[in-house]
Amino acid sequence: MATLLVHRASYLACFDHDDLTRCAEWRDASLFARDGFIEWIGPAAELPPALQQADEVIDARGQIVLPGLVNTHHHMFQSLTRAVPGVQDAELFSWLRGLYPIWSRLTPEMIGVSTQLAMAELLLSGCTTSSDHLYLFPNGARLDDSIEAAQAVGMRFVATRGSMSVGESAGGLPPDALVEDEAHILRDSQRLIEAWHDPRPGALLQVALAPCSPFSVSPALMRESAALARSFKGQGVRLHTHLAENDHDLAYSREKFNKTPAQYAQELGWLGDDVWHAHCVRLDDEGISLFAATRTGVAHCPCSNMRLASGIAPVRRMRNAGVPVGLGVDGSASNDAAHLLNEARQAMLLARVGRAMQPPEERAGRRFFGCDLGPAEMTARDALWLATRGGARVLGRDDIGSLQPGRCADLALFDLGTLALAGGAVHDPLAALLLCASPTARHVVVHGRVLVKDGQTATVDLGPLVERHNRLAASLVAGG
């Protein structure tokens, strides 16, 4: 049986409770894992003698340990089209129209390479679990290309079978050449679930169904995808899509369906604790109530929402109502980065900007000389909770997102002695991770396996991978 000891961490944050005030945080702490699951955690001085030896030992002195971060929304193939001229300043619909012709040239090799590059970037940010939304399959590309590439990396993965079925000629946004036949989509969705989905606790690979958006798939495909996922009773096959991303998205739903996005989702059976929606920037009060009542999840993507000028999602109102919320880096062509710790920092900062934009009478807290003295809209610990326990809940996982016995040994360790954290880590190591510059992880562990060691990826040779990725990216955009 493989064992791992993370010993003498200077600081360890567990995020082991829904109430942040009750979450355990220790100085000089250790953690012992066996066969991918945490067996013991606590002050180093109390480590039982029988657990002081392990197959692999990480000396965590001078480091902070927290649960591996959980990314609830991504488009990994888009790392090939970062910073493409012509769409750098576009909003969502114009941005998509500018990139669809480029993405139509994607190949299976490009899908695999971009998946590995995106995962390497996520791992180095402390992320141990990621979903990915692959929704177009030109030139023989399949979701299997992404899954097989991910398995070589070793990251915990939720691969979503996305789809587009309504092209421009039928009133949708994507070009007709990029949409698929709906019968084929459903057949392939069933094949993928049967071939790859693992419902067991600790699963490293799961499959979800993810018709792309209200403006690219039909109501019939939405309904039938939901019915298909739910026909695998007890298997935990989840549903994912984009919803209420910006004003154009909202206007499309009103014009085409005479409903708000949340009302449309309700009509199609796309609310429930087995569903999560990306963005929800324009979710109104009725929508928030519907999501809260059904425990429907939200992937909050602050960097992408800023990059595409979509707006500020009402995360505090969602959380206060009881909506499950996690974080997502979104596609690397609408964020142009995949650093999940930095995404948590941006979520915290954007929430505070959003609060400052509210009328003074709507702000909570006392005021002194015209200044707010009440609680912050989002604290550093709030944002890290979203990035760990919150993300796990959105993905329907109760085996990740926290550090406690019985949970998966998914860990992120950061060096507290870096220049970026100097002067911050000595006061509050956990808050410094977000209030100071976002660091790179020192070590990252997934299911007890060390995938990042001393700041270097252990399963991916980054030099050749980046070189190959850049060559493919240049070829893709150039059209050759």
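Student: In which strand is R8 found?
Tutor: The model is a predicted one. R8 has a phi near 60 degrees, a positive value in a residue other than glycine. The strand in which R8 is found covers residues 3–13, and its name is β1.

Student: Does R8 count as buried, partly exposed or exposed?
Tutor: A residue is buried under 20% relative accessible area and exposed over 50%, with partly exposed in between. The relative accessibility of R8 is 36%. R8 therefore counts as partly exposed.

Student: Where is F15 found, and what is its phi?
Tutor: F15 is found in the loop between β1 and β2 (25–34). F15 is not a glycine, although its phi is positive. The value is about 45 degrees.

Student: Is F15 buried or exposed, and what is its relative accessible area?
Tutor: The cut-off for a buried residue is under 20% relative accessible area. F15 falls below that limit and is therefore buried. Its relative accessible area is 2%.

Student: Which residues does Q78 touch, leaving out those up to four places away in sequence?
Tutor: Q78 lies in the loop between β6 (69–71) and α1 (92–103). Q78 is buried, with a relative accessible area of 0%. The residues that Q78 touches, not counting those up to four places away in sequence, are W95, W103, Y135, G331, S332, A333 and S334.

Student: With which residues is A152 in contact, leaving aside neighbours within four places in sequence?
Tutor: A152 has its place in helix α3 (residues 143–153). With a relative accessible area of 45%, A152 is partly exposed. Leaving aside neighbours within four places in sequence, A152 is in contact with Q116 and T459.

Student: What distance separates the C-alpha atoms of A152 and A24?
Tutor: A152 and A24 are 128 residues apart along the chain.

Student: Is V325 buried or exposed, and which residues does it touch beyond four places in sequence?
Tutor: V325 lies in strand β13 (residues 325–327). Its relative accessible area is 1%, and V325 is buried. Not counting residues up to four places away in sequence, V325 touches V298, H300, V315, M318, R319, L386, G390, G391 and V394.

Student: How far apart are the C-alpha atoms of V325 and L271?
Tutor: Along the chain, V325 and L271 are 54 residues apart.

Student: What span should helix α11 have, and what is the distance between its end C-alpha atoms?
Tutor: Helix α11 has 17 residues (340–356). The expected span is 1.5 Å times one less than the number of residues, so α11 should span 24 Å. The model agrees, as the end C-alpha atoms of α11 are 24 Å apart.

Student: Which residues of α11 are buried?
Tutor: An α-helix has 3.6 residues a turn, so residues three or four places apart point the same way. The buried residues of α11 are L340, L341, E343, A344, Q346, A347, M348, L350, A351, G354 and R355.

Student: Which residues does A351 touch, not counting those up to four places away in sequence?
Tutor: A351 is found in helix α11 and is buried, with a relative accessible area of 14%. A351 and P302 are 49 residues apart in sequence, and their C-alpha atoms are 9.1 Å apart in space. Not counting residues up to four places away in sequence, A351 touches E377 and M378.

Student: What radius of gyration does the protein have?
Tutor: The protein has 14 helices and 19 strands. For 480 residues the globule rule gives 23 Å, and the protein comes close to this, so it is as compact as a globular protein of that length. Its radius of gyration is 22 Å.

Student: What percentage of the residues of the protein count as buried?
Tutor: Among contacts between residues at least 6 apart in sequence, 75% join residues at least 24 apart. The accessible surface comes to about 18000 Å², with 51% belonging to carbon and sulfur atoms. Of the 480 residues, the share that counts as buried is 59%.

Terms used: Residues numbered from 1 in each chain as written. Predicted model: local features only at pLDDT ≥ 70, side-chain atom pairs only at ≥ 80, totals over all residues. Heavy atoms only, no water. Helix = DSSP H or I, 4+ residues; strand = E, 2+ residues; numbered from the N terminus. Rg over C-alpha atoms; globule rule 2.2 N^0.38 Å. Buried < 20%, exposed > 50% of the residue type's maximum accessible area, 1.4 Å probe, protein only. Contact = heavy atoms within 4.5 Å. Areas by Shrake-Rupley, 256 points an atom, 1.4 Å probe, with all protein chains shown as cover.
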